[in-house]
Amino acid sequence: MAALLSLALLLLAACGGPPALGQKRKEMVLSEKVNQLMEWASKRSVIRMNGDKFRRLVKAPPRNYSVIVMFTALQPHRQCVVCKQADEEYQILANSWRYSSAFSNKIFFAMVDFDEGSDVFQMLNMNSAPTFINFPAKGKPKRGDTYELQVRGFAAEQLARWVADRTDVNIRVIRPPNYAGPLMLGLLLAVVGGLVYLRGSNLDFLYNKTGWAFAALCFVLAMTSGQMWNHIRGPPYAHKNPHTGQVNYIHGSSQAQFVAETHIVLLFNGGVTLGMVLLHEAATSDMDVGKRKIMCIAGIGLVVLFFSWLLSVFRSKYHGYPYRYGFF
């Protein structure tokens, strides 16, 4: 009877030993990975990874932390201007998390540069940069774990909203102080103050209707072209196709735009406005008839040319729009 009891105990130990040992080993591996990531994060908010580090710390289990990875190409010979702009915003987001009071090992920010981890790009079938992907603590990345860069832009605030949606980690973005705005405002006030001081006895220039009209017109053109949208969403300046090298300045969707597109629309609106001003001057000025005819023809030409270009931009964004105007 004692022999049977001993045999049963040995069998129970044999059955229960290996799983417990495996679990303990997983915990040790996980602890080593977390400690390693925390050490790197304490030195640099965005952890640079090559293929080996990515496979060991991001892809391979066990993992109880999320990793936000920016896949990029920052080397100068890649000529990826958007990558540099996105990297600046990504660094702001990672620094905001690293130096916040809520910082923990729940989430880490990492980067894989193409020249340091091209095998990772091949493994993920990735052919464009920059790209942001969230690798969740459990399971594989889903469709929503890939950031929609072309729609949302790469502003740190937009990235923070996406991170909160995918990981439930709320990051308050803290930007470094930018003194360019106050300096420009101070310079403007100094110039105005200097003019007032030098022409204290003659302030008629403050009542110049043409000057105020020009300033108001510039403000209206800037706002109607989408400058405020750029400030809020932080879109890229343009998009370069990595396969063909073709650069697109007009976004193909009506839900987004590039910074270059804003400048183009501003130019077209300015051309239409200038044409209308010339037509008005031709109809109301006291110049001789010949000059007024020239102004009238130039005004009509500017309106037709720039409005047709403006409508062609509209048609390229709203696919299926059936109408066109002028030459395009």
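Start with the cysteines: counting a disulfide as a pair of cysteine sulfur atoms within 2.5 Å, there is one disulfide here. Before you click further, note that this is a predicted model, where local features need pLDDT of at least 70, side-chain atom pairs count only at pLDDT 80 or more, and totals for chains, interfaces and linings use all residues. Residues are numbered from 1 along each chain as its sequence is written, and side-chain values use heavy atoms, with hydrogens and water left out.

**First stop: the disulfide.** Select Cys80 and Cys83, which are joined S to S at 2.1 Å. The torsion about their S-S bond is about 70°, so the disulfide is right-handed. Cys80 is buried (under 20% relative accessible area, with exposed over 50% and partly exposed in between; 1.4 Å probe, protein chains only). Its relative accessible area is 15%, and for Cys83, also buried, the value is 0%.

**Next: two other cysteines.** Select Cys218, partly exposed at 38%, then Cys296, partly exposed at 30%.

**Last stop: a helix pair.** Show α3 (residues 81–98) and α6 (residues 156–167); helices are DSSP runs (H or I, at least four residues), numbered from the N terminus. They pack at an angle of about 55°, with axes 9 Å apart.

Which residues of α3 and α6 make the contact (heavy atoms within 4.5 Å)? Select Glu89, Tyr90, Ile92 and Leu93 of α3, with Ala156, Leu159, Ala160 and Val163 of α6.

Conventions:
Axes fitted to C-alpha atoms, helices over the stretch in contact; angles between N-to-C directions. Contact = heavy atoms within 4.5 Å.
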